[in-house]
Amino acid sequence: MKKIFVFATLAIVAVQSKAQINNSVTLDTYIGAQLATEDLNGTARYVGMGGAMEALGADISTIGTNPAGIGMFRRNQLSGSFGMVIQSDGKSFGDGSKTSASFDQLGFVYSQRTGRSSFVNMAFNYHKSRNFNHVLSAANAAINGSSQNRQTTIKAIHGDLDARYGENVVDNLYIASGMIEDKNHNVYTVDAEDYTFNRAQTGYIGEYDLNLSGNINNRVYLGLTVGFKDVHYNSYTVYDESLVSYSVPSYDCVQMTDHHKITGTGFDFKAGVIVRPIEESPFRLGLSIATPTFYKLTTSNFSIIDYETADEQYIYHHTMDTNDKADFRFNTPWKFGLSAGHTINNELALGLSYEYADYSTNDMRLITGAGYDWYGDYYDNSDSDPVMKAHTQRTLKGVSTIKAGAEYKIDKNVAVRVGYNYVSPMYKTDGVRDLTLNSPGAYMASTTDYTNWKSTNRIMAGVGLTFDQFRIDLAYQYQVREGDFYPYMNGISAQYISDETGKLETLSNHCNPVTVKDNRHQLLCTLSYSF
């Protein structure tokens, strides 16, 4: 058992059980990374070819990657897509399920001839750019009694809690409940035996794209897209620690529960060009660029901690809750794309695409002022959070995405497709979720866990059937991704003077990573009508 006198004063000013702490939770590097990334999704033809259609064009899903691809349409088209996503390694937890239906795309293209070989096209498309549905589970034995409570103790020794007491959701849940204290109000650093962690994420980012595009003599294709995004992110987390019996007599376990929600909207601009460098050849080269998505978001959470003893003489059941929300802004990185496409005898289509985005430039922004202008319109001002921005630069890096695909027409009414994607890791191997930072994204956090995801690999296959003006496309996608999960920041330590020995001692907290997976299957169907 370890007792540290420095926390006596914290216990004295501690808020009593069932008290309310008015705090907000804002974005940090790891949550921001989830909002900035996109899935491979769209029409079944686009997915079946691995999304490698930026230079081939004539598919409405290119509206969000290389807008010039819409300029290759020669007829009007209406299409809709729906399907199912299955997490192969998941289990149902909370509102999360390993299997979920999904409405993925709806759009139309209006094509207008302006010359013998020139067109001006307009298009609208909705697609689900990010599907948050995922269940993550992890468990591991504690290293030398490491625990969430010990983590809070070390941060308090560092002074990370003193100036911001009453603001940090996670740490003050512990402090407000006495940091686990006995009946004489002695505060203890608690050793743990093991932990279990479960999180159910649900929600999506919907993207609504408006496009204007066209071509010049079937040699040069130009396109511009304005995109609007709608964010719906929900997370439900339950974290349990089994406590060592000698650490604090009679205590069995501590459970932390967190409900986290992010909603909001954003917008971006995308531009692209496709050229046929050789007039007699169908070979094409494409170039695209996308601005950051400029988000305005609202984040809120509801957090609870419970612990109790097995000894009926000293039953302690503390429930602390937080319930508040905050507005902030968030900008994603610029994206750049290169692509090539070629067709052979109108039977075989080949596509190859490369995309780059530097996620270390993710920008969490604090709203510094708000009001109404002369016309009564609401406005706000924001500045980058410099501390979190520096942390993002240390933690995330540039990501390269390579997409390859092929389509072969068995006859004019039947086509088969294959595709492949490789997405390089976004997280640096030594990345940590540092909640000792002097940033609202850290000291207002409601959870401490993080996962450093590694590279992503996707394989796809599909088939297309044409019936006069109608077409049905089917696609299958399998995604494989692994990551290193940590329940809290690893390797933190602090020195203190023990009230038992009077000597300077070191308190450390270590945790080994646990391998977690995000392997999923997607089945997708698109119905389209050309006229």
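I started at serine 88 and looked up its contacts (heavy atoms within 4.5 Å). Beyond residues up to four places away in sequence, serine 88 touches Lys98, Tyr478, Asn519, Arg520 and His521. The model is predicted: local features need pLDDT of at least 70, side-chain atom pairs count only at pLDDT 80 or more, and totals for chains, interfaces and linings use all residues. Residues are numbered from 1 along each chain as its sequence is written, and side-chain values use heavy atoms, without hydrogens and water.

I placed serine 88 in the loop between strand 3 (77-87) and strand 4 (99-115). Strands (E, at least two residues) and helices (H or I, at least four) are DSSP runs, numbered from the N terminus. Serine 88 counts as partly exposed because its relative accessibility is 34%; buried is under 20%, exposed over 50%, partly exposed in between (1.4 Å probe, protein chains only). I also checked valine 480: its C-alpha atom lies 9.8 Å from that of serine 88, though they are 392 residues apart along the chain.

Next I went to asparagine 41, in the loop between helix 2 and helix 3 (44-48). Asparagine 41 counts as buried because its relative accessibility is 10%. Its side chain makes a polar contact of 3.1 Å with the side chain of glutamine 522. For that term I noted N or O atoms within 3.5 Å; within protein, one must be able to donate a hydrogen and the other to accept it, and residues adjacent in sequence count only if both atoms are side-chain atoms. Leaving aside neighbours within four places, contacts of asparagine 41 include Tyr46, Asp104 and His127.
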